[in-house]
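This briefing is meant to be read slowly, with the model open beside it.

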Amino acid sequence: LGSCQSDEVDNGLSASSVDASFSVTPVEGKVNVYKIAAQRKGVLTSLWNTGKGLTAGKMEFEISFPDAGTYTIYHKAIGAGGVAAEATQQLVVAVSDPEKGNLVKGGSFENAADNANWTSCQLNKDGFASWTFNNGSATINSKGGWAQEGIYQAIDVVKDKEYTIDMLVSSMNGSDETWFEVYAGTTVPVAGSEYKDNKVMGLSTWDGCAKAPFEGFLSSVGCVKNQKTNTVSNVVKFDMTGKIYLVIRSGGNNFTPSGITVSKVEFRGK
């Protein structure tokens, strides 16, 4: 014997609704650090996007926003039976953290004002290698034959303070006999002269990276060793207070036809 039951009836295995609301509060005694706390009732899984993509996370955590700006925090709450709800909040950070704020100007390449902070190294006047500034990124292209080009800007640093350098890099194709190098030297760049002062990190097909398509932060996908530590490390410090020069130089013999694209360039106190 049996009976029919409407598919619309809740079988008790799922919740009819989920509350994705959350709070954002400054953490006392910490600069630009905030506590994110989701309400817990009926929530089995929390997915968050704080500006670096959607990832699974805890229902309560602390997060640092060292740079001044307006940030959108997104929360997707999932309950029993896969029932989901979404919530967003905007957080305004008024002042950058003086210790950990990004010292790079125009590192996001958002507009002409950003791009004006970068100076060409003028290594290739025939146009076989050049940087193109896009909306939100910059791309180095080379026709090969060892053609190269670089861009740079000056940054003020403090003696013996540790800093980290990073940037988002990507290419839709692999390369051969190609390099992408990042320097942080005290030597002033000279137009037309290849910069070689204090190589910090990078990509190199000789060292085993950039041979295939890639996307990620250079600190993760790069394989070039830090000149000072002889390890793959993006940490730098200097024996003087004053100006150093952040230089990005790239080129090669069989360069990727899609170019190497850069965004979110950062130079921060550690």
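A residue is called buried when its relative accessible area is under 20%, exposed when that area is over 50%, and partly exposed in between, with a 1.4 Å probe and protein chains only. The model is predicted, so local features need pLDDT of at least 70 and side-chain atom pairs count only at pLDDT 80 or more, while totals for chains, interfaces and linings use all residues. Residues are numbered from 1 along each chain as its sequence is written, and side-chain values use heavy atoms, with hydrogens and water left out.

**Strands and their pairing**

- Helices (H or I, at least four residues) and strands (E, at least two) are DSSP runs numbered from the N terminus, and two strands pair if DSSP finds at least two bridges between them.
- An open sheet is built from five strands in the order 8-11-17-13-14, with antiparallel pairing, and its edge strands, each pairing on one side only, are strand 8 (119-120) and strand 14 (199-204).
- Within this sheet, strand 11 (residues 147-157) and strand 17 (residues 242-254) run antiparallel and are joined by eleven bridges; Gln148 has Gly251 in strand 17 as its bridge partner.

**Strand 2 and its partners**

- Five of the six residues of strand 2 (residues 33-38) are buried.
- Strand 1 (residues 22-26) pairs with strand 2 in the antiparallel sense over five bridges, and Val24 stands opposite Ile36 in strand 2.
- These two strands form a hairpin with six residues between them, and Gly29 in the turn has a positive phi of about 85°.
- Strand 2 also pairs with strand 5 (residues 60-64), again antiparallel and over five bridges, and here Lys35 stands opposite Glu62 in strand 5.

**Salt bridges**

- A salt bridge is counted when a side-chain nitrogen of Lys or Arg lies within 4 Å of a carboxyl oxygen of Asp or Glu, and a search of the whole structure finds twelve.
- Arg268 and Asp67 form one of them, with their closest N and O atoms 2.6 Å apart; Arg268 is in strand 18 (residues 260-269) and Asp67 in the loop between strand 5 and strand 6 (69-78), 201 residues apart.
- Arg268 is buried at 13% relative accessible area, and Asp67 is buried at 17%.
- Arg249 and Glu181 meet in a salt bridge at 3.2 Å, N to O; because Arg249 lies in strand 17 and Glu181 in strand 13 (residues 176-185), the pair ties together parts 68 residues apart in sequence.
- Both Arg249 and Glu181 are buried, and they belong to a network of salt bridges that links Glu181, Glu194, Lys196, Lys199 and Arg249.
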